[in-house]
Amino acid sequence: MAWGDHFFYWSPDGSVPRTQPFATIITKNYPDDVSSDLDPEGRWRVNVHVGRRRIAQFAPAEPVDPAAADVLQPHPLYARQGWICAVVPADRTLDPVLELLELACFDQRRRLGSALDSESAVREDRAP
């Protein structure tokens with residue numbers, strides 16, 4: 001089902017970590033996720049994990065159509081988990097999306113880097 005979609009992780013060794021990605025690009029509707037209307041040609045959605053603490057700053061003052069293009073908004077299904085999205089980012093949203101992607105990558109690197117440091121310390125303690 002995910003064929004053609006893209007998942008972004010921070011991975012210093014090039015392997016896919018056993019964590020959620022920090023961002024995704026979705027190119028089609030999924031059975032439980034049709035509100036962004038991604039099936040028509042040329043439509044796609046970038047999703048970025050900004051965290052539960054930051055999600056409130058993306059809440060629109062008025063309801064927004066989840067299929068609206070070039071609008072940065074909470075994800076229609078995963079806002080509670082700290083995800084925002086933009087359908088076909090362009091003039092209004094491209095720069096903010098790029099900044100959020102960089103921040104999301106940094107956040108994942110910080111989280112996973114700490115975990116990798118802990119794993120390395122455990123391995124060093126067990127070394128003969």
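**Figure 1. Five salt bridges turn up in a search of the whole structure.** Here a salt bridge is a side-chain nitrogen of Lys or Arg within 4 Å of a carboxyl oxygen of Asp or Glu. Side chains of opposite charge can pair when their charged atoms come close. Please keep in mind that this is a predicted model, in which local features need pLDDT of at least 70 and side-chain atom pairs count only at pLDDT 80 or more, while totals for chains, interfaces and linings use all residues. Residues are numbered from 1 along each chain as its sequence is written, and side-chain values use heavy atoms, with hydrogens and water left out.

**Figure 2. Lys28 and Asp5 form a salt bridge.** The closest N and O atoms of this pair are 3.2 Å apart. Lys28 sits in the loop between strand E2 (23-26) and strand E3 (45-49), and Asp5 in the segment before strand E1 (6-8), so the pair ties together parts that are 23 residues apart in sequence. Strands (E, at least two residues) and helices (H or I, at least four) are DSSP runs, numbered from the N terminus. Both Lys28 and Asp5 are buried; buried means under 20% relative accessible area, exposed over 50%, and partly exposed in between (1.4 Å probe, protein chains only).

**Figure 3. A salt bridge joins the side chains of Arg45 and Asp33.** The N to O distance is 2.7 Å. Arg45 belongs to strand E3 and Asp33 to the loop between E2 and E3, and the pair links distant parts of the chain, 12 residues apart. Arg45 and Asp33 are both buried.

**Figure 4. Asp107 meets Arg54 in a salt bridge.** Their closest N and O atoms lie 2.9 Å apart. Since Asp107 is in helix H1 (residues 94-126) and Arg54 in the loop between E3 and strand E4 (73-74), the pair ties together parts that are 53 residues apart in sequence. Asp107 counts as buried, at 9% relative accessibility, whereas Arg54 is partly exposed, with a relative accessible area of 26%. Look for Arg110 as well: Arg54, Asp107 and Arg110 are linked in a network of salt bridges.

**Figure 5. Asp37 has a positive phi, near 50°.** Most residues other than glycine have a negative phi. You will find Asp37 in the loop between E2 and E3. This residue is partly exposed, with a relative accessible area of 35%.

**Figure 6. Val88, though not a glycine, has a positive phi of about 45°.** Val88 is placed in the loop between strand E5 (83-87) and H1. With a relative accessible area of 24%, Val88 is partly exposed.
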